[in-house]
Amino acid sequence: MRIAIVVTSVRSIDGTWTTAHLADAALRAGATVRFLEPQDFEVTNNGRLVGRAWAADEPLETVAALAATLASHRLPRRYVDLSTCQMVLLRVNPLHWHTLQCVTLAQQSGVPVLNDPLGVTLTRGKAWLATLRDVPTPETIVTASRSSAQAFARRKGGRVVVKPATGSGGRGVTLVPARRTDLLDRALTLARNQGGLAVVQEYMPEAEHGEKRLVWVGGELLGGYLRERAPGNFRHNLKQGARPNPTEITDQDRRLAEAIGPHLLQNGIGIAGLDVIGGRLVEVNTLNPGGIHWADALSGDQPGVLAKRAFDGLLRTAAEFRKRSQSR
């Protein structure tokens with residue numbers, strides 16, 4: 001069994017990355033893993049899609065050792081025919097058009113790509129979640145209009161959060177006090193400067209107690225952890241100084257996963273990070289979702305259990321997606 005993993009840059013991978021944990025789980029399951037960066041794709045003179053990949057054929061002692069070996073370019077380079085892979089994992093951010101094109105070509109050759117490249121283009125932005133009326137979410141509008149944003153904020157009457165419609169890591173996100181039209185205008189400009197529309201969302205007081213990151217794979221909620229924001233910061237992103245802590249997976253969390261799951265699977269999404277505050281789904285991360293490292297480390301189980309379950313779930317989902325495409 002051969003698995004291809006497309007990453008933005010192997011040099012940036014470390015032992016906390018979900019990508020490294022999935023690769024380790026694949027190697028321990030007996031698969032070989034081929035890591036490709038966007039510039040590694042080639043189309044040969046006879047029309048085959050291949051890649052010049054970093055090749056891992058057996059597990060290393062730890063996930064951290066695998067990540068360090070990969071990041072320091074100490075794995076051998078080998079060509080791989082993408083059509084010979086059982087699955088392609090798309091783990092890039094940002095997703096440029098040529099990468100999207102190449103993984104779509106791999107998918108058209110019959111290889112399941114998770115997450116589905118076209119499904120990612122739909123679900124990666126925060127506008128998609130705002131359209132799902134059967135999923136509990138904070139009240140939200142997605143707009144570039146200052147007047148629409150101001151009308152929404154007036155109607156809510158309290159604080160609102162403004163963030164880019166596409167983006168990650170807490171960049172361009174602002175908490176705007178009630179009745180501060182001037183600050184709302186600045187927040188909209190900041191969010192729109194990230195590219196595209198802005199999301200204006202009601203602020204939930206439950207955020208004071210943290211935000212859950214839940215790991216969802218193939219219709220199943222595998223685990224999660226709680227992100228508690230740093231003093232003086234309202235954002236819960238680890239890149240903004242938030243702290244990871246253990247959390248309980250509640251029946252309410254499971255109901256949220258059951259509500260969003262069919263929408264994800266319908267769009268070819270096999271793995272997602274669900275961000276939850278106060279029993280409502282704030283964001284769905286499908287482009288390059290993380291969370292396995294901390295959810296695993298804080299669970300109290302043996303290391304690697306959650307990653308193994310995630311990889312097994314991805315294999316099952318890939319097989320289901322393959323059957324679905326063959327029956328069309």
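Helices (H or I, at least four residues) and strands (E, at least two) are DSSP runs, numbered from the N terminus. The views below show a predicted model.

**View 1. A cis peptide bond joins Asn 93 and Pro 94.** Omega is about 10° at this bond. Pro 94 sits in a loop. That loop runs between strand 6 (87-91) and helix 3 (97-108).

**View 2. Leu 114 and Asn 115 are joined by a cis peptide bond.** Here omega is about 0°. Asn 115 belongs to the loop between strand 7 (113-114) and helix 4 (117-123). Asn 115 is also one of the residues that Thr 286 touches. Thr 286 is the subject of the next view.

**View 3. Thr 286 lies in the loop between strand 16 and helix 9 (292-297).** Is Thr 286 buried or exposed? Thr 286 counts as buried because its relative accessibility is 1%, and buried means under 20%. Its side chain makes a polar contact with the side chain of Thr 123, at 2.7 Å. Leaving aside residues up to four places away in sequence, Thr 286 touches Asn 115, Val 120, Thr 123, Arg 124, Leu 264, Ile 269, Ile 271 and Ala 272.

**View 4. The largest cavity holds about 60 Å³ of space.** The structure has two cavities of 30 Å³ or more. Which residues line the largest cavity? They are Lys 126, Leu 129, Ala 130, Thr 137, Pro 138, Thr 140, Val 199, Gln 201, Leu 281 and Val 282. Helix 5 (126-130), strand 11 (198-202) and strand 16 (280-285) are the elements that give two or more residues to this lining. Helix 5 gives the most, with three residues. By class, the lining of the largest cavity has six nonpolar residues, three polar and one charged.

**View 5. The second largest cavity has a volume of about 30 Å³.** Its lining is made by Val 7, Thr 8, Ser 9, Ser 12, Ile 13, Trp 17, Arg 91 and Asn 288. Three of these residues are nonpolar, four are polar and one is charged.

View 6. A disulfide needs the sulfur atoms within 2.5 Å. Cys 102 is likewise in no disulfide, with the sulfur of Cys 85 as its nearest cysteine sulfur. Cys 85 is buried, with a relative accessible area of 3%. Cys 102 counts as buried too, at 11% relative accessibility.

**View 7. His 73 has a positive phi of about 60°.** His 73 is not a glycine. Look for His 73 in the loop between helix 2 (63-71) and strand 5 (77-81). How does its surface count? His 73 is partly exposed, with a relative accessible area of 29%.

**View 8. Arg 179 has a phi near 60°.** This is a positive value in a residue other than glycine. Arg 179 is placed in the loop between strand 10 (174-176) and helix 7 (181-192). Is Arg 179 buried or exposed? Arg 179 counts as exposed, since its relative accessibility is 74% and exposed means over 50%.

Terms used:
Residues numbered from 1 in each chain as written. Predicted model: local features only at pLDDT ≥ 70, side-chain atom pairs only at ≥ 80, totals over all residues. Heavy atoms only, no water. 1 Å grid on protein atoms, 1.4 Å probe; cavity = no way out; pocket = protein on both sides within 12 Å on 5 of 7 lines; lining within 4 Å. Points joined across faces, edges and corners; volume = space filled by probe spheres on them. Nonpolar A, V, L, I, M, F, W, Y, C, P; charged D, E, K, R; others polar. Buried < 20%, exposed > 50% of the residue type's maximum accessible area, 1.4 Å probe, protein only. Polar contact = N/O pair within 3.5 Å; in protein donor to acceptor, adjacent residues only side chain to side chain. Contact = heavy atoms within 4.5 Å.
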